[in-house]
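Hi,

Here is the model I said I would pass on. Have a look at it first, and then read my notes below.

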Amino acid sequence: MPGTGAAWTVRAGVREGDAGRRPGDTSEEAAEAAETKRLGAGGAELRRADGILEAASASFAAGFGRLSKCS
């Protein structure tokens, strides 16, 4: 009987115009996931830079206090 089997199922889906819809993420969802990952990495970098600036500020403030006492 024609129309049975996996090969026919694939052809039928293509003929019916499934517009590329498949189970799983769409290209838009994949792009959003990539953007979320990129932003997360950026946030981690900002937190690291913030820590460095806080340490530098504390070090500078401590040094400034020593200089003013010497005068």
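A salt bridge here is a side-chain nitrogen of Lys or Arg within 4 Å of a carboxyl oxygen of Asp or Glu. Before the details, note that this is a predicted model: local features need pLDDT of at least 70, side-chain atom pairs count only at pLDDT 80 or more, and totals for chains, interfaces and linings use all residues. Residues are numbered from 1 along each chain as its sequence is written, and side-chain values use heavy atoms, with hydrogens and water left out.

The overall picture: the protein has 2 helices and 0 strands (DSSP runs, H or I of at least four residues for helices and E of at least two for strands, numbered from the N terminus). Of its 71 residues, 4% are buried (buried is under 20% relative accessible area, exposed over 50%, partly exposed in between, with a 1.4 Å probe and protein chains only).

Now the charges. Searching the whole structure gives 2 salt bridges. One joins the side chains of Arg38 and Glu35, at 2.8 Å from N to O. These two sit 3 residues apart in helix H2, so about one helical turn separates them. Arg38 is exposed at 52% relative accessibility, while Glu35 is partly exposed at 35%.

The other pairs Glu45 with Arg48, with 3.1 Å between the closest N and O atoms. Both are in helix H2, again 3 residues or about one turn apart, and Glu45 is partly exposed at 42%.

There is also a negatively charged surface patch made of Asp25, Glu28, Glu29 and Glu32 (patch residues have over 30% relative accessible area and no salt bridge, and like charges are joined within 9 Å). Asp25 is in the loop between helix H1 (6-15) and helix H2 (27-70), and is exposed at 61%.

Cheers

Key: Patch = residues over 30% accessible without salt bridge, like charges linked within 9 Å, V, L, I, M, F, W, Y side chains within 5 Å. Areas by Shrake-Rupley, 256 points an atom, 1.4 Å probe, with all protein chains shown as cover. Lys, Arg positive; Asp, Glu negative; His and termini not counted. Charge placed at Lys NZ, Arg CZ, Asp CG, Glu CD.
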